[in-house]
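Please open the structure in your viewer and keep the selection tool at hand.

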Amino acid sequence: WALAALALTLPATLAVGLRFRLIARALGIEMTIRQALALTMVGLFFDLASAANGGDVVKAYYLGREQPREKLGAVILSILVDRVMGFFALFVFALILCIIGWKEIAKAPQLEWTAPPMVVLCFGALFGFFVLVSETLEKSPLRKRLMHILPYHASIERMYENFASLRHHHRTMLQMLGLSLVNHAVSCIGILLLAQGVTFTDMNKNPVQLPLMTAAILMPMALFINTFGIAGGFGLGEGAFEWLYEHI
């Protein structure tokens with residue numbers, strides 16, 4: 001089970017690397033697949049090994065060293081959009097699992113609350129994205145006046161223009177969403193494979209079978225909570241998920 005779970009880290013890492021390359025190219029940053037995978041693995045290492053989830057900062061540093069100074073905004077934006085797309089896909093993945101496992105949710109009142117927040121988050125995020133990248137908002141005089149008040153407004157304006165340009169890359173965004181879903185699905189399957197080698201017990205210490213569908217429904221929430229943990233997730237995120245799982 002451990003070897004099978006370990007093998008699944010390869011397609012997961014590949015999916016994340018290809019996703020990062022897609023968003024970087026959409027923002028005018030050219031890189032090879034090899035460069036994208038190298039940056040992705042460096043970021044993953046520092047996410048896991050650092051005292052906080054600092055992989056994005058390190059990834060931005062290494063990417064920025066290879067780019068001209070005027071592309072610094074696009075570098076930062078590529079990291080942010082990549083992370084946000086990962087979160088959005090995680091909510092979509094959770095919603096898909098809720099739909100697939102609706103019978104399990106109907107049997108367990110503790111799980112009934114999971115689906116509505118996922119619907120709100122998914123559609124709310126989509127609505128917010130299309131408003132932010134809309135041509136109306138980009139050309140709005142009011143938005144420009146308000147943004148002019150901010151310090152470094154010229155740099156922020158260039159970042160926003162890069163972000164708004166994503167409305168011309170619908171196909172790229174869909175490909176990114178697909179790769180993100182592959183990453184999350186493979187990651188969750190890997191954890192469930194590891195679970196097959198573990199003996200679970202009830203509150204009376206009697207061996208019980210892990211309910212796979214219920215565990216799968218909770219897994220995206222575990223991954224989301226773990227993002228805000230310390231020491232690569234072995235901290236606040238881990239404790240929060242343990243509380244969540246015990247109460248559900």
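A residue is called buried when its relative accessible area is under 20%. The model shown here is predicted.

Begin by selecting residues 212-226, which form helix 12. This helix has 15 residues and reaches 20 Å from its first C-alpha to its last, close to the 21 Å expected. Next, colour the buried residues of helix 12: T214, A215, A216, I217, L218, M219, P220, M221 and A222. Centre the view on L218, where helix 12 bends by about 30 degrees. A proline, P220, follows within four residues of that bend.

Now select residues 153-164, which make up helix 10. Its twelve residues reach 16 Å from the first C-alpha to the last, close to the expected 16 Å. Which residues of helix 10 are buried? They are E157, Y160, F163 and A164. These residues cover an arc of only 120 degrees around the axis, which means that they lie on the same side of helix 10. In general, residues three or four places apart in an α-helix point the same way, because there are 3.6 residues a turn.

Apart from neighbours within four places in sequence, F163 is in contact with L77, V81, F129, L132 and V133.

Finally, turn to the largest nonpolar core, which has 49 residues. F163 is among those with the most contacts inside this core, as are F20, I23, I29, M31, L63 and L166. Helix 5 gives the most to this core, with 15 residues.

Definitions and conventions:
Residues are numbered from 1 along each chain as its sequence is written. This is a predicted model: local features need pLDDT of at least 70, side-chain atom pairs count only at pLDDT 80 or more; totals for chains, interfaces and linings use all residues. Side-chain values use heavy atoms; hydrogens and water are left out. Helices (H or I, at least four residues) and strands (E, at least two) are DSSP runs, numbered from the N terminus. The expected span of a helix is 1.5 Å times one less than its number of residues. The bend at a residue is the angle between axes fitted to the seven residues ending there and the seven starting there. Buried means under 20% relative accessible area, exposed over 50%, partly exposed in between (1.4 Å probe, protein chains only). The arc is that of the directions from the helix axis to the C-beta atoms. A nonpolar core is a set of buried Ala, Val, Leu, Ile, Met, Phe, Trp, Tyr and Cys residues joined through side-chain atoms within 4.5 Å. Contact means heavy atoms within 4.5 Å.
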